[in-house]
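Biologist: I would like to learn how to read a structure like this one. Can we put it on screen and go through it feature by feature?

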Amino acid sequence: MSGFDFTVILESLPFLWEGLQLSFFLTFLAIIGGLGFGVLLALARLSGIRALSLVAATYVNLIRSVPLILVIFWFYFLVPLALGRPVGGFQSAVIAFVMFEAAYYSEIMRAGIKSVAKGQVQAAKSTGLGYWRTQRHIVLPQAFRNMIPVLVTQAIILFQDTSLVFVVSLRDFMTVSSIVARTEGRLVEMYLFAAAVYFVICFAGSLAVRRLQSKVAT
Amino acid sequence: MIEIDNISKKYGSFQVLRDCSTSVAKGEVVVVCGPSGSGKSTLIQCVNGLEPVQQGQITVDGIAVTDKKTNLTRLRARIGMVFQHFELYPHMNVLENLCLAQEKVLKRPRAEAVAKAEALIARVGLSDHIHKYPGQLSGGQQQRVAIARSLAMDPIAMLFDEPTSALDPEMINEVLDVMVQLATEGMTMMVVTHEMGFARKVADRVVFMDAGRIVEDRKTEDFFSNPESPRLQDFLSRILHH
Amino acid sequence: MGWLISGLGWTVAVSLCAWVVAFVIGALIGVGRTVNNRPISFLCTAYVELFRNVPLLVQLFVWYFAVPELVPEGLGQWMKRGMPMPEFTTTVIALGLYTASRVAEQVRAGIESIPKGLKSAARANGLSGTQMYRYILLPISFRLIVPPLTSEFLTVFKNSSLALTIGLLELTAQSQQIADYTYNSFEAFTAATVIYIFIALVVTGLMQIIETRTAIPGQSGKAA
């Protein structure tokens with residue numbers, strides 16, 4: 001066993017920081033896109049229009065039974081094909097993550113909307129509110145409150161999942177760590193360092209979730 | 001049989017029990033009543049150590065419950081307890097509910113445990129239901145099974161924590177009948193309940209609690225005919241006249 | 001086609017082995033978090049937080065590249081040279097221990113959802129702590145958590161695809177290799193996707209049977 005050499009990490013910090021920024025940026029775009037598309041999917045499923053909810057349900061269940069890596073490969077191969085020109089790994093990864101996360105976000109939102117007690121809807125209707133007003137003023141605000149901790153948890157999972165862009169060599173934090181590890185021959189230090197960085201970020205995130213949960217509960 | 005000596009208990013800063021003392025002699029039936037939040041359920045849960053106390057001493061059959069060195073598990077096996085919400089094991093049928101502790105705690109052979117269970121189930125009138133699960137029985141039936149489950153351990157005393165409070169009115173009597181029968185057979189019983197008819201019929205003494213204190217502890221006859229404290233008079237007038 | 005079958009074989013083998021690891025360790029850790037013993041519950045909580053907050057891919061690399069260097073030399077040498085099927089074994093360990101942290105959370109939630117009164121009743125009935133867990137708390141909580149465990153089980157199948165990063169030629173890796181070598185990307189990825197969906201359907205079906213079989217008669221909200 002050779003001695004540890006953590007100077008490698010210090011010297012590579014700027015390079016690693018670029019990787020981490022890309023991880024955050026990818027996470028951010030995937031959350032925005034995933035939430036947007038997820039809302040549409042959830043609304044489609046709850047719309048009461050048969051064909052629409054069937055299409056949305058099929059999409060959600062299909063995506064949820066396939067590994068994320070395979071989805072990343074799919075879009076890495078499909079996006080250039082669809083656009084008719086080669087695009088960077090980043091664009092295809094963003095699209096893959098948006099499409100993938102939307103399925104999970106839509107399930108969270110569907111559960112959130114369903115978690116609002118039926119009595120609330122009946123009470124709202126009995127005071128004379130119509131369907132849309134009931135949704136807007138009564139159901140969605142309560143549903144959103146219930147959902148926030150789960151949505152943040154999903155964001156933490158998403159951040160961890162972005163490490164999978166390693167398989168298409170996109171230079172996120174994971175890929176960059178691995179590049180440094182190999183070129184410098186310091187696998188142990190680099191991978192332990194990567195684990196520590198991810199842990200600190202995600203643990204801080206889950207502590208925040210716990211705070212949110214106790215706030216929502218009151 | 002049961003000696004409660006000056007016990008006090010706090011939940012955080014809230015004082016649930018203050019200097020409570022009473023006793024239940026062998027073969028005696030003592031009813032504990034009082035408004036909700038008066039600490040009566042906590043008191044009875046202290047008797048077999050389900051709730052720890054901070055001050056005072058409780059002994060059951062000469063064994064100190066409040067002593068940290070006491071093997072509570074062994075003591076509990078000898079004291080029966082019936083709960084407000086029955087608390088049958090939902091994943092086991094009636095027979096297995098009665099056999100589990102007999103076999104695992106008392107190490108009775110299976111055949112003996114089954115025979116005992118069958119006899120007790122017959123006694124509470126539920127032989128037809130012996131292979132059903134708790135979720136398939138009415139509340140009154142579940143509570144009778146719960147009583148039989150406790151009796152299967154051949155207890156030296158029985159504790160009842162509001163055994164009829166969670167029942168629909170038409171099911172209360174089937175449970176009280178079983179309890180009356182037990183009392184007349186000489187079982188030592190401590191019963192937390194609002195059923196004053198039951199208290200009149202079988203209790204030797206009645207204890208009235210309010211705000212964590214034992215306010216009155218009297219012979220049944222005196223308790224009803226001659227209540228001393230205004231709080232008890234008020235309580236009785238509210239519980240009896242409607 | 002033969003490649004895909006062999007890939008499917010590895011996927012199933014890795015997933016089942018990892019699930020056994022996850023289930024056993026997860027149950028122990030989950031129980032550990034509920035017991036009334038500070039050091040034990042702290043250690044179990046630390047386990048869950050550690051394994052849950054590091055991406056599985058990083059954990060896999062740590063197990064594969066870093067751990068053999070960190071353990072005593074003899075063992076490290078063995079892990080690198082002597083250990084049979086190193087990619088397979090490493091994936092099973094990494095995936096198993098990672099999933100264990102998620103199973104543990106389900107087990108804990110299951111045990112905590114059992115009303116306090118039932119625990120009091122088991123105690124009052126004379127059961128010891130161990131007996132209460134063995135005969136009452138665990139049998140009930142495992143029945144309660146069959147649905148979330150189903151989705152964890154499915155996640156194991158999906159996560160086993162990460163093994164391709166350390167060179168295990170499981171299903172996703174095989175489809176990607178076919179895509180690379182033959183340029184029939186569409187067919188290869190479609191085949192892999194169909195197989196994963198098939199796995200999901202089979203697992204969901206099996207778990208539904210288990211759920212019905214183990215349902216407690218007379219409990220509302222469950223088919224008896």
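Modeller: Start with the chains. This is a predicted model. Chain A and chain B share no contact. Their closest C-alpha atoms lie 20 Å apart.

Biologist: Which chains have the most contacts between them?

Modeller: Two pairs of chains touch, and chains A and C have the most contacts. Chain B also meets chain C: 25 residues of chain B are in contact with 22 residues of chain C.

Biologist: How do I put a size on an interface?

Modeller: The size of an interface is often given as the accessible area lost when the parts come together. For chains B and C, that buried area is about 2,000 Å². Carbon and sulfur atoms give 63% of it.

Biologist: Which residues of chain B lose the most area to chain C?

Modeller: Tyr89(B), Pro90(B) and His91(B) do. Together they account for 28% of what the chain B side buries.

Biologist: Now chain C by itself. How many helices and strands does chain C have?

Modeller: Count the elements. Chain C has 10 helices and zero strands. Its C-alpha trace spans about 70 × 50 × 25 Å along the principal axes.

Biologist: What share of chain C is buried?

Modeller: Of the 224 residues in chain C, 53% are buried, with under 20% relative accessible area as the cut-off. The accessible surface of chain C is about 10,000 Å². Carbon and sulfur atoms own 66% of that surface.

Biologist: What do the contacts say about sequence separation in chain C?

Modeller: Take the contacts in chain C with a separation of 6 or more. Residues 24 or more positions apart make up 74% of them.

Biologist: And how many charged side chains are there in chain C?

Modeller: There are 15 positive and 11 negative side chains in chain C. The centres of the two sets lie 17 Å apart.

Biologist: Let us turn to sheets. What holds strands together in general?

Modeller: Strands of a sheet pair through backbone hydrogen bonds, either parallel or antiparallel. Chain B has examples of antiparallel pairing and of parallel pairing.

Biologist: What is the strand order in the antiparallel sheet of chain B?

Modeller: The order is β2-β1-β4-β5, an open sheet of four strands. Its edge strands are β2 and β5 of chain B, and each pairs on one side only.

Biologist: How are neighbours in that sheet joined?

Modeller: Go strand by strand. β1(B), residues 2-11, and β2(B), residues 14-24, pair over seven bridges. Ile7(B) has Cys20(B) as its bridge partner. On to the next pair: β1(B) and β4(B), residues 55-60, share five bridges. There, Asp5(B) stands opposite Gln57(B). Finally, two bridges join β4(B) to β5(B), with Val60(B) opposite Ile63(B).

Biologist: Which strands run parallel to β8(B)?

Modeller: β3(B), residues 29-33, is joined to β8(B) by four bridges. Val32(B) has Val192(B) as its partner there. β7(B), residues 157-161, is also joined to β8(B) by four bridges.

Biologist: Are the faces of β8(B) covered or open?

Modeller: Check the side chains on each face. Both faces of β8(B), residues 189-192, are covered. Met189(B) and Val191(B) are buried on one side. Met190(B) and Val192(B) are buried on the other.

Key: Residues numbered from 1 in each chain as written. Chains lettered and ligands numbered in written order. Predicted model: local features only at pLDDT ≥ 70, side-chain atom pairs only at ≥ 80, totals over all residues. Heavy atoms only, no water. Contact = heavy atoms within 4.5 Å. Buried < 20%, exposed > 50% of the residue type's maximum accessible area, 1.4 Å probe, protein only. Areas by Shrake-Rupley, 256 points an atom, 1.4 Å probe, with all protein chains shown as cover. Lys, Arg positive; Asp, Glu negative; His and termini not counted. Charge placed at Lys NZ, Arg CZ, Asp CG, Glu CD. Pairing = 2+ DSSP bridges. Buried area = accessible area lost by both parts, 1.4 Å probe.
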